[in-house]
Amino acid sequence: MAESGETLGTVPEHERILQEIESTDTACVGPTLRSVYDDQPNAHKKFMEKLDACIRNHDKEIEKMCNFHHQGFVDAITELLKVRTNAEKLKVQVTDTNQRFQEAGKEVIIQTEDIIRCRIQQRNITTVVEKLQLCLPVLEMYSKLKEQMSAKRYYSALKTMEQLENVYFPRVSQYRFCQLMIENLPKLREDIKEISMSDLKDFLESIRKHSDKIGETAMKQAQQQKTFSVALQKQNNVKFGKNMYINGRVPEERNEIVLKHTFEEEDENEEEVLTVQDLVDFSPVYRCLHIYSVLGDEETFENYYRKQRKKQARLVLQPQSHMHETVDGYRRYFTQIVGFFVVEDHILHVTQGLVTRAYTDELWNMALSKIIAVLRAHSSYCTDPDLVLELKNLIVIFADTLQGYGFPVNRLFDLLFEIRDQYNETLLKKWAAVFRDIFEEDNYSPISIANEEEYKIVISKFPFQDSDLEKSFPKKFPMSQSVPHIYIQVKEFIYASLKFSESLHRSSTEIDDMLRKSTNLLLTRTLNSCLLNLIRKPHIGLTELVQIIINTTHLEQACKYLEDFITNITNISQDTVHTTRLYGLSTFKDARHAAEGEIYTKLNQKIDEFVQLADYDWTMSEPDGRASGYLIDLINFLRSIFQVFTHLPGKVAQTACMSACQHLSTSLMQMLLDSELKQISMGAIQQFNLDVIQCELFASSEPVPGFQGDTLQLAFIDLRQLLDLFMVWDWSTYLADYGQPASKYLRVNPNTALTLLEKMKDTSKKNNIFAQFRKNDRDKQKLIETVMKQLRSLVNSMSQHT
């Protein structure tokens with residue numbers, strides 16, 4: 001029962017498997033057959049049995065089907081056999097017809113092929129035209145780019161490149177020629193950069209070479225802007241020219257001529273002067289800037305331009321080694337600097353960002369410091385005031401020009417004040433030489449005039465007023481020829497000093513102060529030094545010294561006219577609180593004092609020369625009975641000299657006379673007391689007394705008026721009392737009254753008396769060999785020894801008391 005149950009269960013499963021085998025694809029039979037082997041034992045056998053049974057069933061059905069259709073098949077074969085015969089006939093007919101058609105259609109085929117070929121060509125042509133229409137604008141633009149490159153229109157070429165890249169190349173990017181063009185554009189850009197940079201370098205080199213011409217043009221333009229005001233200043237200041245200093249006035253016709261000449265020069269300059277743009281082609285800068293802007297490399301261009309211009313600035317600011325020797329050296333230096341900054345200012349205003357105001361200010365400050373240092377160094381070598389004045393004018397034009405372009409120039413005007421001091425120093429040196437020449441050429445004699453015309457000539461040069469001189473001729477001015485010449489030269493100095501003060505933008509008060517201070521320096525330092533050197537020269541004699549004192553007196557009186565002269569120039573009243581006064585009074589007073597001192601010195605030297613001629617016989621027994629010859633000559637010399645002193649101020653003549661008498665007295669006293677003089681006789685004392693008497697007679701004759709009583713004779717009082725003491729031999733009175741205010745020999749010094757007495761004692765011993773055998777002589781010797789002893793005691797007591 002169990003086996004029959006399993007069999008019943010297996011049969012439906014085998015049927016299902018067979019259905020799957022029949023209905024499924026052969027590729028999927030494997031899993032189905034595997035299930036047969038995976039089932040129960042003997043399932044494979046049973047399946048095979050079932051399969052065989054199924055095959056038999058199908059064979060039976062196939063057989064039934066064949067039997068059913070066999071007759072129809074036979075009929076069909078019969079029909080086919082009949083159709084084969086007709087088919088062969090039809091085939092022959094079709095073949096024949098085809099051959100006929102082929103023969104007939106050959107020409108049509110040829111024409112059709114031609115039509116096809118033409119249509120293909122037409123289609124290709126249309127395609128080519130379309131493509132060429134697409135490529136032609138690209139080629140035209142590229143051709144345009146080449147033309148622009150050839151014509152050096154690089155900025156336009158860069159714009160064309162942008163259009164090619166952004167508009168045209170994307171349309172034809174699939175073509176090889178386009179790729180070649182695209183690859184060539186960077187090279188073209190680099191070429192443009194190199195070419196534009198080369199143009200920029202040429203431009204920089206050109207403006208470096210022509211910066212002096214640019215600067216000269218700019219300075220001329222700046223000068224033209226001031227022409228009218230300068231002309232008016234000339235009209236107002238011409239009266240302060242040389243003719244003003246001599247004649248005191250300038251003809252109005254001269255003013256008109258100067259003004260007319262100035263405007264004629266201005267008209268000529270207006271025709272000649274070109275603008276900076278006329279001299280410089282700035283297009284390379286603009287092109288290069290635009291090119292680098294388009295290329296997006298503007299910063300590189302700006303840095304390169306600024307770096308190169310700074311290098312050029314340093315070269316421009318470097319002065320030539322001998323620049324200070326000529327004004328052309330300074331002019332070339334200034335024009336190059338002006339040209340440099342004019343170009344920078346133009347670049348600043350016509351380009352955006354290439355240079356900035358901060359950059360130009362920094363560059364100017366650097367340049368200004370260098371310029372000031374250079375001018376300080378080189379101007380210090382200038383010894384010619386005309387060159388310094390031309391340098392000042394160049395600096396003013398230089399400053400005004402750059403100030404017109406917006407550059408600060410206050411430091412330059414401060415520098416001008418330093419150069420003004422140097423200018424004054426060079427003027428002082430120049431005028432020192434002028435004064436020396438005047439003094440050398442002067443004859444130190446009063447100016448002689450023969451008629452009124454000569455009188456007016458002198459008066460036109462020097463402000464001298466004396467009504468007596470105008471009455472009759474010939475006459476003599478008290479001063480010598482150097483006085484009017486010095487007065488004129490002082491005025492010339494003021495005029496020269498005024499020239500430097502022009503165009504410094506200073507007030508009249510400041511100019512007045514400058515003129516007065518520089519004039520004071522001229523008087524107190526230069527003229528005073530020249531006078532002192534003149535006074536100390538060995539060849540200047542007493543007569544010349546007297547004339548120098550007279551000259552300084554008149555120059556001192558003329559100082560007030562010099563002050564009026566400066567006042568007329570500056571229109572600043574002398575009564576103003578801050579007005580500087582001229583120091584002529586102290587200057588000429590010092591010179592006079594020096595001359596007076598030199599007079600005293602030279603007079604004493606002359607006295608010494610006469611005294612050295614003295615040839616006393618100090619052992620003579622009897623005097624000659626008259627004064628010595630050297631002393632007579634000396635007194636005659638003094639009389640003649642003191643006659644010359646009548647033109648000196650009274651105190652000077654009196655002081656000179658008193659000094660001469662005192663020096664003569666001292667020299668005579670020293671002659672007596674000379675240590676080399678070992679002995680002296682009474683005869684020599686008597687001869688010496690005659691000479692002193694002659695001196696006293698000279699003193700009492702009042703060689704110089706103004707002395708009261710016997711004031712001048714007091715110069716010889718020491719000698720007189722000493723000689724009286726020895727002549728009278730009144731030693732008892734001397735010793736008794738010594739030290740008393742009313743003593744007759746108050747001026748006799750015990751030491752002096754002792755020295756002279758010792759010289760006389762030695763002479764007595766030598767000349768009187770037999771003096772010891774004479775009673776009077778022995779008594780005299782004892783008296784001398786007694787007096788000497790008392791004098792020594794007196795001298796010793798005085799020394800102890802001291």
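**Reading rings, helices and surface**

Modeller: Start with the aromatics. Tyr333, Phe334, Phe340, Phe341, Trp364, Phe398 and Phe407 are linked by ring pairs into a cluster. Keep in mind that this is a predicted model.

Colleague: How is a pair of aromatic rings described?

Modeller: By two values: the distance of the centres and the angle of the planes.

Colleague: How many aromatic pairs does a search of the whole structure find?

Modeller: The search gives 30 of them. Take Phe282 and Tyr286. Their ring centres are 6.4 Å apart and their planes meet at 25°, so this pair is stacked. Planes under 30 degrees apart count that way.

Colleague: Which of those two residues is buried, and which is partly exposed?

Modeller: Phe282 is buried, at 4% relative accessible area. Tyr286 is partly exposed, at 26%.

Colleague: Now back to the cluster. What is the geometry of Trp364 and Phe407?

Modeller: The centres lie 5.4 Å apart. The planes are at 50°, so the pair is tilted.

Colleague: Where in the chain do Trp364 and Phe407 lie?

Modeller: Trp364 is in helix 13, residues 357–379. Phe407 is in the loop between helix 14 (385–404) and helix 15 (410–441). The pair therefore ties together parts that are 43 residues apart in sequence.

Colleague: Is Trp364 buried or exposed?

Modeller: Buried, because its relative accessibility is 0%. Phe407 is buried too, with a relative accessible area of 3%. The cut-off for buried is under 20%.

Colleague: Which residue lies over the face of Tyr359?

Modeller: Arg306 does, at 5.2 Å from the ring centre. There is also Lys392, which lies over the face of Phe500 at 5.9 Å from the ring centre.

Colleague: What happens just after helix 24?

Modeller: Glu702 takes a positive phi of about 55° there, although Glu702 is not a glycine. Glu702 belongs to the loop between helix 24 (682–700) and helix 25 (717–728). With a relative accessible area of 43%, Glu702 is partly exposed.

Colleague: What is the phi of Trp729?

Modeller: Near 60°, again a positive value in a residue other than glycine. Trp729 sits in the loop between helix 25 and helix 26 (731–737).

Colleague: How many residues apart along the chain are Glu418 and Arg376?

Modeller: They are 42 residues apart, yet their C-alpha atoms are separated by 8.5 Å. Glu418 lies in helix 15. Its relative accessibility is 38%, so Glu418 counts as partly exposed.

Colleague: Last, the surface. Which residues form a nonpolar patch there?

Modeller: Phe73, Val74, Ile77, Leu80 and Leu81. Together they have about 450 Å² of accessible area. Phe73 is part of helix 3, residues 43–150.

Colleague: Why does Phe73 count as exposed?

Modeller: Because its relative accessibility is 52%, and exposed means over 50%.

How values were computed:
Residues are numbered from 1 along each chain as its sequence is written. This is a predicted model: local features need pLDDT of at least 70, side-chain atom pairs count only at pLDDT 80 or more; totals for chains, interfaces and linings use all residues. Side-chain values use heavy atoms; hydrogens and water are left out. Patches are made of residues with over 30% relative accessible area and no salt bridge: like charges are joined within 9 Å, nonpolar side chains (Val, Leu, Ile, Met, Phe, Trp, Tyr) within 5 Å. Accessible areas come from the Shrake-Rupley method with a 1.4 Å probe; for residues, only the protein chains shown count as cover. A salt bridge is a side-chain nitrogen of Lys or Arg within 4 Å of a carboxyl oxygen of Asp or Glu. Helices (H or I, at least four residues) and strands (E, at least two) are DSSP runs, numbered from the N terminus. Buried means under 20% relative accessible area, exposed over 50%, partly exposed in between (1.4 Å probe, protein chains only). Rings of Phe, Tyr and Trp (its six-membered ring) pair if their centres lie within 6.5 Å; planes under 30 degrees apart count as stacked, over 60 as edge-to-face and the rest as tilted. A charge sits over a ring if NZ of Lys or CZ of Arg is within 6 Å of the ring centre and within 35 degrees of the ring normal.
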